[in-house]
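Please read the numbered points alongside the sequence and the model.

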Amino acid sequence: EEAAVGPRWWRRARAGLEEDGESQPEFSPRGVLTLARALQEAGNLEGARVTYQEILADPKPRTEAVEALLGLARLVRPAEVEALVMQALGLARDLGPVCAAQTTVEGGLLLARAQSPRAMETLNWASRSAQELGMTAAIAQTLVALARLQGHGCEQLHRAAGVLRQPAHAG
């Protein structure tokens, strides 16, 4: 995989960059996460999988590890999604309520796409959490996903659009 991207870019992504362009000696999980996402977008799914797992090899709990688990969940078969999403949710809860709410929204969407029986429960929890934290985009996402799962259409879409049009949520 490194040869396809180029060893110089792998080193830079793994090491991170200071503002003056000098390499830092420590691991940069944000840089590696960006690389994993780029590989996934480019269709190099095996390279993305390996790179997401590199982030997970770092024992320090980080939001990048949560994002790496969700990235892996996008790459696996539907039957494997639930375990990765639940692992991401467990770590996200340890990192705080905002991370947990964001992860629950994304995890619920992944579970819905995988047709998991836990999708509805997860999206309902995500909706409640997003409302408590005033996360309007997340509220709209969960309303739309719940409407689709429940077989409802326009009423939930109008409700989601209404949430996003409120002046308090502008910007």
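Predicted model: local features only at pLDDT ≥ 70, side-chain atom pairs only at ≥ 80, totals over all residues.

1. Helix α9 is followed by Gly-151, a residue whose phi is positive, near 80°.

2. Helix α9 itself covers residues 136–150. At 1.5 Å a residue, its 15 residues should span 21 Å, and this agrees with the end C-alpha atoms, which are 21 Å apart. The buried residues of α9 are Thr-136, Ala-138, Ile-139, Ala-140, Thr-142, Leu-143, Ala-145, Leu-146 and Ala-147.

3. The largest nonpolar core has 31 residues. Those that touch the most other members are Tyr-52, Val-66, Leu-70, Ala-73, Val-81, Val-85 and Leu-110. Two or more residues of this core come from each of α3 (29–41), α4 (45–56), α5 (63–75), α6 (78–95), α7 (97–113), α8 (119–133) and α9.

4. Which residues does Val-81 touch, not counting residues up to four places away in sequence? They are Ala-73, Val-76, Leu-110, Leu-111 and Ala-114.

5. As to the whole, the protein contains 10 helices and 0 strands. Of its 171 residues, 40% are buried. Among contacts between residues at least 6 apart in sequence, 46% join residues at least 24 apart.

Key. Residues numbered from 1 in each chain as written. Heavy atoms only, no water. Helix = DSSP H or I, 4+ residues; strand = E, 2+ residues; numbered from the N terminus. Expected span 1.5 Å × (residues − 1). Buried < 20%, exposed > 50% of the residue type's maximum accessible area, 1.4 Å probe, protein only. Core = buried A, V, L, I, M, F, W, Y, C linked by side-chain atoms within 4.5 Å. Contact = heavy atoms within 4.5 Å.
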